[in-house]
Amino acid sequence: MEIVIKELTKTFKGRIAVDHLSLTIGQGEFFALLGENGAGKTTTIKLLSCLMKPTGGDAVMLGDSIVENPQAVKKKLNISPQETAVARNLSVKENLEFIAKIYGSDKREAEKKANRLMNKFGLADRAKSKGRTLSGGLERRLSIAMAMISEPEIIFLDEPTVGLDVRARLDLWQILLDLKGQITIILTTHYLEEVEALADRIGIMHKGRLHALGTLDELKEQTGQAKLQDIFLQLTAEAKIQ
Amino acid sequence: MRALTFAVRNRKEILRDPMTLLFGMVLPLLMLWLFSMMAENMPFDLFTLEKLAPAIIVFSFSFITLFTGMLIGRDKSSSFLMRIFASPMAATDYLVGYALPLLPIAFLQITACYGTALLLGMPFTIDAIPAVGVLLIISLLYIGFGLFFGTFFTDRQVGAMFAIFVNITTWLSGTWFELDMIGGTFQRVAYLLPFAHAVDASRAIFAGDYGAVFIPMLWVMAYTAVIFGIAVWGFKKRMRG
């Protein structure tokens, strides 16, 4: 079962944010979506996570359509938004338990899951700390742990390492590498080295359209460039000339 | 079940904010005490505890509007709302979850204000029991305004909107002066809004004048239904992106 995106389109008052996007993402794949600001990455994530209705097209998420059965799709996925989306006055443990419960866990199960994820994400010693007291790195870890607690089959990570120092970013990369292969991960980021380190395949969006798709090696071959940064610049520069 | 889980989270968010205690509890009690002291030197009976306490309880509900609006506004700006919109929760779960924890806070405000008024010398009346019910219905109006502000404005805008709102609710409610002292257009405008009716209903129920409660409460409930309706419509629209 895969994610099959077919002609997915979203317009806002005549402006096209996502323009007939078509691609397939395999189950368990770590897929990175790249693009400049306003390229349509976040809108794509919102469409795929049923936060927005598409103007046209559809996406079948592991067997269920985002247009016809968004509630079934929602049960399969979770999201770690660009902002950390952590409840400020709830403790680390309470944040995790809250998300587990709204996805259907009872009190006991929610506590068990929260403890497991706090250990996995290195948050156990801050279990009682309020969200507002966490450092940027810990807040990001909590944000991803909150997305993982519902045991999703698909997780969307929208710029998960933005604003983190080098050490916190590398720590988070390790956590993401550990998740690789277990669930389908769709990542958006501006950090190209992050994509090189983590992603199985890369999609490059520009002005709502998919301009390139493939593994890093495939993109290197397509463009004749050795670095992802040069590949990205070449593809988006060509798009500007067009 | 999901709505209750969400309500618990919202209750914790609100009650763990020290501003809730300061504005929602301490400020109304302080005003009750100050104005009741002023009553001794006033030539008319506006600031007697029998008139002041029911009006200040309604005034304290204005802060419920602030708490609700700020919570939803912050949930939007921090993308917390986006995270839970992606969950299988339904629109009614959100609205019940936001509105429900405010009712116990309103109850606390009612009991704290009435208890303080009793300590300051207000005579105890059995009419305080039905008054609690009437006041909880009035509190829904202010919860509705909070849902409305939170749905349509950001957390920063909610702060600015609240400054206007609290002025309207106090000046046009007859809490600090009798509206017929000014009369004319001012009084007519005040009675086109629900706040003066809310204060009238609160004073009437505490006075045991049950006949005078019905019409003002009709105004309050009609406004509550309209404000809730607009907030629900706006919230559902936002959920659909």
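**Reading contacts between chains and helices**

Modeller: Let's start with where the chains meet: 21 residues from chain B and 23 residues from chain A make up the contact. Keep in mind that this is a predicted model.

Colleague: Which elements give two or more residues to chain B's side of that contact?

Modeller: Those are helix H1 (2-15) and helix H5 (80-85) of chain B. H1(B) has the largest share, six residues. Sorted by class, the side of chain B that touches chain A holds eight nonpolar, five polar and eight charged residues.

Colleague: Now inside chain B. How do I read the way H3(B) and H12(B) cross?

Modeller: Look at the axes and the angle between them. For helix H3 (residues 49-60) and helix H12 (residues 194-206) of chain B, the axes come within 8 Å and cross at roughly 135°. Angles over 145 would count as roughly antiparallel, so H3(B) is oblique to H12(B). The crossing is right-handed.

Colleague: Which residues make that contact?

Modeller: From H3(B) you have B:Glu50, B:Lys51, B:Pro54, B:Ala55, B:Ile57 and B:Val58. H12(B) brings B:Ala198, B:Val199, B:Ser202, B:Arg203 and B:Phe206. By class, that's seven nonpolar, one polar and three charged.

Colleague: And which residues of H6(B) are buried?

Modeller: In helix H6 (residues 91-99) of chain B, B:Asp93, B:Tyr94, B:Gly97, B:Tyr98 and B:Ala99 are buried. What covers them includes H1, helix H4 (62-77), helix H7 (102-120), helix H8 (128-152) and helix H13 (214-239) of chain B.

How values were computed. Residues are numbered from 1 along each chain as its sequence is written. Chains are lettered from A and ligands numbered from 1 in the order in which they are written. This is a predicted model: local features need pLDDT of at least 70, side-chain atom pairs count only at pLDDT 80 or more; totals for chains, interfaces and linings use all residues. Two residues are in contact if their C-beta atoms, placed from the backbone, lie within 7 Å. Helices (H or I, at least four residues) and strands (E, at least two) are DSSP runs, numbered from the N terminus. Ala, Val, Leu, Ile, Met, Phe, Trp, Tyr, Cys and Pro count as nonpolar, Asp, Glu, Lys and Arg as charged, and the others, Gly among them, as polar. Axes are lines fitted to C-alpha atoms, for helices over the stretch in contact, and angles run from 0 to 180 degrees between N-to-C directions. Angles under 35 degrees count as roughly parallel, over 145 as roughly antiparallel, 65 to 115 as roughly perpendicular and the rest as oblique. A crossing is left-handed if the near helix is turned anticlockwise from the far one by less than a right angle, and right-handed if clockwise. A residue is buried if 20 or more other C-beta atoms lie within 10 Å of its own, exposed if 12 or fewer, and partly exposed in between; C-beta atoms are placed from the backbone.
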